[in-house]
Amino acid sequence: VFCHTSTHNVLTGSNGTDMAVWSCPPSQCSGFWFRPVELLFLSLLCTGSVATSLEERTLNLLSRERLIDGHNDLALKMRIIYDNQLSKVDLRKIPQTATDISRMQAGHIGAQVFSAYVMCTAQEKDAVRLTLEQVDLILRMCNEYEELELVTTAAGMRNTKKIACLISIEGGHSIDSSLPTLRMFYQLGVRSLALT
């Protein structure tokens, strides 16, 4: 909470204690002169927690709020490296990719947007089939690994104790200019379409 008086400014923490006091001439002070980034930084500093280090404060924040990774190409890597065969890999530890379940957990990822991507060269050829295969792979990943859960609503994301998984199709060519195809992808759990 930022309070302004004619000669003093007070930043009050969430526990009600004054976190900072400074003075300035009334002609130069205004009640709201922080930029959003400064407010975010100050809010992190002014939490009422007893955390003593930045790492502890960060972990405290992550225990209360979900960190969402908005783009993950694991499904594409699974197609390229393992030909979509989950039986050939343990998703908990995959050294050939940039991500796996162990790293998601270590990074406190609360939600993951998996991209179903096919190359633009598949446009007007087999883009829909290849995208369906990517969606199928993501669904199988969520079904076969207890750490992951497919969610399709905000409530589902809030309520799961697992890594919430959303599916996004990357590239409008993946629906082949067909609204019925888009509706079918929605029925399969897709909730985002990027127009790459």
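This is a predicted model: local features need pLDDT of at least 70, side-chain atom pairs count only at pLDDT 80 or more; totals for chains, interfaces and linings use all residues.
Averaged over the chain, pLDDT (the predictor's confidence in each residue, from 0 to 100) comes to 80, and 73% of the residues score at least 70. Over residues 1-34 the pLDDT is below 50, yet this stretch has 58 contacts in the model beyond near neighbours in sequence, a contact being heavy atoms within 4.5 Å.

Residues are numbered from 1 along each chain as its sequence is written, and side-chain values use heavy atoms, with hydrogens and water left out.

| Element | Residues | Mean pLDDT |
|---|---|---|
| strand E1, lowest | 2-4 | 35 |
| strand E6, highest | 148-150 | 97 |

Now for serine 178, in the loop between strand E7 (163-170) and helix H7 (179-187). Serine 178 counts as buried because its relative accessibility is 18%; buried means under 20% relative accessible area, exposed over 50%, partly exposed in between (1.4 Å probe, protein chains only). Its C-alpha is 9.9 Å from that of valine 128, 50 residues apart along the chain.

Threonine 181 belongs to helix H7. Leaving out residues up to four places away in sequence, threonine 181 touches Val128, Ser174 and Ile175.

Note on methods:
Helices (H or I, at least four residues) and strands (E, at least two) are DSSP runs, numbered from the N terminus.
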